[in-house]
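Open the model in your viewer and keep the selection panel at hand. We will go from one selection to the next.

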Amino acid sequence: MSNPIIYALQAVFQPMNFLLMVAGAAIGIVFGAVPGLTATLAIALLIPFTMNLDAIPALLLLLAIYCGGMYGGSITAITIRTPCTPAAAATVLDGYPLAQKGQAGKAVGAALIASTFGGLVSAIIMIFLSPPLARFALAFSPAEYAAVGIFGLTAVFSVSGQSLLKGAISAVFGLLLSTVGLDPILPVPRFSFGSLALAGGIPFLPAVIGFFAMAEVFRLAGTPNRKQVVIKSIGRVWPTIDELKRILKTAVRGSLIGTWVGILPGAGGTIAAYMAYGEERRSSKHPELYGTGIIEGVAAPESANNAVSGGAMIPMLTLGIPGDAVTAVLLGALTIQGLQPGPMLFKDHVDVIYPIFAGMILANLIMFVVGFILIKPVTYIATIRKEYLVSAVAVFAVIGAFAESGSTLQVMFAVGFGVLGYFMEKYGFPVAPVVLSLILGPMIENALRQALIISHGSWGIFVTRPISAGLLLVSLGIIVAMVRRQLKDRSCGRAE
Amino acid sequence: MRAKLMHPDVVAAALGIAVSAVFFVAAGNLPSFAVKLAGPEFFPRVSALLLIVLCLVQVAVSLTSKAGSTQEDAREEAGHDIRLVFAVMGMSVAYFYGMTLLGFMLGTFLYCTALTLITQEKRNPTRAAGSSLIIIAIVYAVFSYFLKATLPSGRLFG
């Protein structure tokens, strides 16, 4: 590969790859906009599609879905006050009031421009930060990898919802599940209880399809039918020059906040969106206008939540630790393609890394064009009746689980995990931490045990090595801060 | 007190403790390793113990929380029909077994139509059957033609 940049551009502009990205952006936007569907679900359902594709087209498709999905939630958040992604909840604050004033088009246009800007800024930061971080990580020993894995587990807090304790229970349950199968160091079967089905461990794809897709099918089935919402005319979408300047000015700060939050495993799109909104209001000359329907109130959270995508890709690609549920599933997709995320990816698969970089930039630009075209159609698609969603998602999920290996056993796993996932979510135990732990568990165990072998059983290896000690300290700090915040929120709730 | 012990969070925590106990005991049968802490039983046992501790904390939190201000009350969606959920779960299991007998086309058509019918507000068999045919056509086109993936075949019908 003489010139990696030209190679990357050639890869992303190949007609088939380009078309896949257009399709991915459209799918992501639709899944982000329709209540009951999410970008994580879209990626989980489409991973089986990607198994017959080469690595680059597969990853470009999934990246485009990721970018589209982060924006898609804003459309229904603004038009019908239904944020279909948690990160879009902050967009409702000013987006819906704008729609009530008859300026829904302006709000959606602002969301699209800000989302694209946020995604582009974070993609550029990802391109510049990832290679040096990967080179730095090449010097990591097993002790550092174990500490990185534990640090990555703090991402549980970004996907735990209301109860950190239940999120922690889900995460540790996932760690336990990850020990099923062959021991990574001694070739002995663990916890298969004589079953051939479990001898190879918990299969990742059926687990993801079960937890995210089948569980959602069961939940949707029990949800009462929504009243059909009539969406009034969207109106003019494209902003004036003055409005464009205000959007871009706001988006700069939102993008930097979102990228930084995305890099941290313990935070996610929702936190980024609210932080950006809060920061914009705090620094505004007219904070009293926020919440009444102003364009900055839409641009800030939207730029931040799309900027999370590039930020979250940095630890995922360089260290192999996912920052949120979506990157956890993406990491699984990379593994299915035979690529192991981490510093060795940058050493052994440069032919994949550069197209990923180019793909993130192009995916955001494609999302802008596709998003603009789909604004009005999506507002109709978003009101699709529940019964059609349930049957379509169920069939795609079951066939997707089957298609991976042609085995009906995988379907059994998917349905089983779907039942488990439904009841877990029903009683407040989030499923995303289970998936995160299924990925991080083997990495943490392998590294932990190798480090202990090197140190002849001494735990001191984790505290005498500065990077490992530093990461463990930061992880502890994040856990303590999150627990204190939740206890404070609880006591404030009780006082009210 | 009895009501609090039957609280879903307490029941879930108890199940978590039971699962952890099974893993902890089963890990004792795994072979040992030269470096004791690096053996195959170490990580599962640590995870099991950690899960037991967290579940006990959850039990304590649930038992000491005020009655009537529980999180699941907030979570419970108004009008959520658990019977429909169980019906769809049952249908999904039947679909899995049915596909091995009937094959993809017939199995999926029956599953889809049944799902659509029971989740429709006003039952419309024609619409249910029509939407099933569209879904099957899309899945068949995507998986068979585009991805060249094998769809499940049945013992009775291909």
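## Stop 1: a bent helix

This is a predicted model. Select helix H19 (432-454) of chain A. H19(A) has 23 residues. From its first C-alpha to its last it reaches 33 Å, close to the 33 Å expected at 1.5 Å a residue.

Where does H19(A) bend? Look at A:Leu440: the bend there is about 40°. Within four residues a proline follows, A:Pro442.

Now show the surroundings. Of the 23 residues of H19(A), 18 are buried, so this helix is largely enclosed by the rest of the structure. Then step just past the end of H19(A). There A:His456 takes a positive phi of about 55°.

## Stop 2

Select residues 104-137 of chain A, which form helix H6. H6(A) has 34 residues. It reaches 46 Å between its first and last C-alpha, close to the 50 Å expected at 1.5 Å a residue.

Which residue marks the bend in H6(A)? Zoom in on A:Leu129, where the helix bends by about 30°. Here, too, a proline follows within four residues: A:Pro131.

Check the surroundings again. In H6(A), 25 of the 34 residues are buried, so it is largely enclosed by the rest of the structure.

## Stop 3: the whole of chain A

Zoom out and colour chain A by secondary structure. You will find 21 helices and 2 strands. The radius of gyration of chain A is 22 Å, close to the 23 Å that the globule rule gives for 496 residues, so the chain is as compact as a globular protein of that length.

How much of chain A is buried? Buried residues make up 63% of its 496 residues.

Next, think about contacts in chain A. Take those with a separation of 6 or more: 80% of them join residues 24 or more positions apart.

## Stop 4: where chain A meets chain B

Show both chains. The contact takes 54 residues from chain A and 63 residues from chain B. Select the chain A side. Helices H8 (164-178), H10 (204-222), H17 (386-405), H18 (408-426) and H19 (432-454) of chain A each supply at least two of its residues.

Finally, colour the chain A side by class: 35 residues are nonpolar, 13 polar and 6 charged.

Definitions and conventions:
Residues numbered from 1 in each chain as written. Chains lettered and ligands numbered in written order. Predicted model: local features only at pLDDT ≥ 70, side-chain atom pairs only at ≥ 80, totals over all residues. Contact = placed C-beta atoms within 7 Å. Nonpolar A, V, L, I, M, F, W, Y, C, P; charged D, E, K, R; others polar. Expected span 1.5 Å × (residues − 1). Bend = angle between axes of the 7 residues up to and from the residue. Buried ≥ 20, exposed ≤ 12 C-beta atoms within 10 Å, placed from the backbone. Rg over C-alpha atoms; globule rule 2.2 N^0.38 Å.
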